Structure formats: C-alpha cells, structure tokens
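Hi,

Here is the structure I said I would pass on.

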Amino acid sequence: MKKSDVVWARLLNDAMDGKTTGTQADLARLLSLSLSSVNAAMKPMERIGAIQIKPRSWQMTDAKKILLYWCSRRNLENDVVYKTRVALPPMEIEKNMPAGTA
C-alpha cells in the first residue's frame with residue numbers, strides 16, 4: 001500500500017471507532033510516517049470536503065467521502081502478495097486450504 005492509502009485506512013478505522021478529530025503530527029507518529037506524507041494524504045480529503053484542516057488539528061466531516069475517494073484511487077492488483085494456479089475443482093481447493101486462509 002502507498003503511504004496515502006495507509007493514512008486513509010487509518011482515518012476510516014478511526015471513524016468506525018468514533019474518533020473524528022486529531023492532529024496530523026499524532027497520525028504521523030502513530031503510522032511511522034513523515035508529517036509531510038500525512039499532510040499530502042490529507043490535502044485531497046480537504047479538497048473533496050471529507051475533512052476540515054484547522055491550524056492545529058483536523059476534523060472529519062464525511063467518512064463516506066474518504067471511502068469513496070479511496071475506492072476510486074486504489075489498485076488492488078498492487079496488494080496481491082501471492083498468486084498461483086491449481087488444476088483442481090474449487091470445492092477441492094477449498095477443502096485443502098489451511099484454517100484461517102482467505
């Protein structure tokens with residue numbers, strides 16, 4: 001995932017937990033990113049009206065806009081870690097998969 005994807009995922013996770021305010025410095029520290037990376041990820045969210053950036057904090061105004069923007073920009077092909085092909089029927093493949101495999 002790109003750095004901006006990590007920031008947006010964290011914003012959405014916080015929104016699900018009810019946290020809609022914070023500081024960019026706290027986000028940068030929490031995600032081990034530079035402040036400029038967090039700021040660059042927050043700028044498009046401010047432009048579409050998903051968050052308000054104030055002098056010392058930010059406030060989320062619409063989490064759904066963040067989700068829709070992220071979905072439109074995300075390339076799931078880049079997140080694939082392992083890909084393979086097996087010449088078995090799907091039911092047989094699923095039976096042979098270890099527990100906890102997605």
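**What I found**

By salt bridge I mean a side-chain nitrogen of Lys or Arg within 4 Å of a carboxyl oxygen of Asp or Glu.

Before going on, a word on where this comes from. The model is predicted, so local features need pLDDT of at least 70 and side-chain atom pairs count only at pLDDT 80 or more, while totals for chains, interfaces and linings use all residues. Residues are numbered from 1 along each chain as its sequence is written, and side-chain values use heavy atoms, with hydrogens and water left out.

**Salt bridges**

Back to that pair. E46 and K43 sit three residues apart in helix α3 (residues 35–47), which puts about one helical turn between them. Helices here are DSSP runs of H or I with at least four residues, strands are runs of E with at least two, and both are numbered from the N terminus. E46 is partly exposed at 33% relative accessibility, and K43 is partly exposed too, at 36%. For these labels, buried is under 20% relative accessible area, exposed is over 50%, and partly exposed is in between (1.4 Å probe, protein chains only).

How many salt bridges does a search of the whole structure find? It finds four. Another one joins R10 and D14, at 3.2 Å from N to O. Both residues belong to helix α1 (residues 3–16) and are four residues apart, about one turn of the helix. R10 is partly exposed, at 27%, whereas D14 is buried, with a relative accessible area of 4%.

Then there is E92 with K95, whose closest N and O atoms are 4.0 Å apart. They are three residues apart in helix α5 (residues 90–96), again about one helical turn. Here E92 is partly exposed at 33%, while K95 is exposed at 63%. As background, side chains of opposite charge can pair when their charged atoms come close.

**Two helices with a buried face**

In helix α2 (residues 24–31), the buried residues include Q24, L27, A28 and L31. Looking down the axis of α2, its buried residues fall within an arc of 100 degrees, so they line one face of the helix. (The arc is that of the directions from the helix axis to the C-beta atoms.) Their cover includes α1, β1 (21–22), α3, β2 (51–53) and β3 (58–60).

Q24 is worth a click: it is buried, with a relative accessible area of 14%. Neighbours within four places in sequence aside, Q24 is in contact with L35, V38, N39, M42, I53 and W58; contact means heavy atoms within 4.5 Å. After α2 comes S32, which has a positive phi, near 55 degrees.

Which residues of α4 are buried? They are I66, Y69 and W70. Seen down the axis of α4, these fall within an arc of 95 degrees, so they line one face of the helix. They pack against α1, α3, β2 and β3. K64, L68, C71 and S72, on the other side of α4, are exposed.

**Pockets**

The largest pocket holds about 180 Å³ of space. Its lining is M1, K2, S4, D5, W8, R73, R74, N75, N78 and D79, and α1 gives the largest share of that lining, three residues. By class that makes two nonpolar, three polar and five charged residues.

The terms, for reference:

- Pocket: on a 1 Å grid over the protein atoms alone, an open set of points where a 1.4 Å probe fits, with protein on both sides within 12 Å along at least five of seven lines; lining residues have an atom within 4 Å of a point.
- Volume: the space filled by probe spheres set on the points, with grid points joined across faces, edges and corners.
- Classes: Ala, Val, Leu, Ile, Met, Phe, Trp, Tyr, Cys and Pro are nonpolar, Asp, Glu, Lys and Arg are charged, and the others, Gly among them, are polar.

Cheers
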